[in-house]
Amino acid sequence: MVRQRRSAALPEFPWDTLADVTALARSHPDGIVDLSVGTPVDPVAPVIRDALAAASSAPGYPTTAGTPALRASAEAALRRRYGITDLAPDAVLPVIGTKELIAWLPTLLAIGAGDTVVVPELAYPTYEVGALLSGAQVLRADSLTQLGPQRPALIYLNSPSNPTGKVLPLDHLRKVVFWARERGVVIASDECYLGLSWEAEPLSVLHPSVSDGDHTGLLAVHSLSKTSSLAGYRAGFVAGDPALVAELLAVRKHAGMMVPGPVQAAMVAALDDDEHEAVQRERYAKRRAILLPALQAAGFTVEHSEAGLYLWATRGEPCRDTVKWLAERGILAAPGEFYGPAGAQYVRIALTATDERIAAAVQRLSAQ
């Protein structure tokens, strides 16, 4: 018997469907402005690169748990930057980029057939992919009432949201946390954009005002890709419930999921230094300040987008039509349908392009 390949059960990789409009955008006389993917373009701060270089003679295996220095730096940064307290260093675990963790989290937690994973109605596609890899079923829901009598195994939260930039209010976070705690449901809060607030102040699920200092059943996922431009380093970590972190660590040891030693040293430098993070945040703020009004002047309605690296915009038409309209002007955006059926008339427009390319996009939009 020939077994079905695992890839056959997965949806088509979304960005593979953009070949035609990518070619159209590239044909613009002044080149493409690629705002479709949130990949950093700004240089890595010297303090981080120096730390990476200094640790580059690393012939031995790194520890899966992370160095004591890394775990302590992550705990201190969470406390200093986001007000997260009551977190022990052994409740932190480095990961090989947070996409890897999200893709394998249900499997690592022994969630599978017969279990349900809840993801936001508009969500980063890897939440669903991770559930499918584990054999679990997926439910898209933004409120507890949508769950009915179900007791899911895992609930994903994402605030600020990718793709919408929406920030979940304190009362909503508290309601979900205490509902899940009463039922023994794990919450994984994807907080990769927590440090990029513009019009609202997001809170971590681990913040004492949300959790009352009790991290039972809670995992917060943090990435250095956005705030420190370290997407190429694959540098992230998960923190929260010590028992859940210990379970993840035990399984990851067997699977050889180790962050390279030099990258761990670079992460320490990034987490200990707030100056470079503030500089990067200001870069994105300036790009947002010119791109947002340009989109509005060109007839777009921008919804949510209070925080994060994206503008969630619509022209009131099918998203692929909007993507083509932009591509005709040399601008590439992501169709909202990538993130769920509710995004059918939206596009996600990233702030992750150079100042020169953002200015080019603004000029093209204003030429209408």
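Author: A residue is buried when its relative accessible area is under 20%, exposed when over 50%, and partly exposed in between, with a 1.4 Å probe and protein chains only. Strands (E, at least two residues) and helices (H or I, at least four) are DSSP runs, numbered from the N terminus. This is a predicted model, in which local features need pLDDT of at least 70 and side-chain atom pairs count only at pLDDT 80 or more, while totals for chains, interfaces and linings use all residues. Residues are numbered from 1 along each chain as its sequence is written, and side-chain values use heavy atoms, without hydrogens and water.

Reader: What makes strand E5 mostly covered?

Author: In E5 (residues 154-158), five of five residues are buried. Leu 154, Tyr 156 and Asn 158 are buried on one side, and Ile 155 and Leu 157 on the other.

Reader: Why are E5 and E6 said to be joined?

Author: Strands pair if DSSP finds at least two bridges between them; E5 and E6 (residues 186-190) have five and run parallel, so they pair. Tyr 156 has Ala 188 in E6 as its bridge partner. E3 (residues 116-119) also pairs with E5 in the parallel sense, over two bridges, and Val 118 stands opposite Ile 155.

Reader: Why is the unit of E5, helix H6 and E6 called right-handed?

Author: A crossover is right-handed if, with the strands pointing away from the viewer, the path from the first strand over the helix to the second runs clockwise. E5, H6 (residues 170-183) and E6 make such a β-α-β unit, so the name applies.
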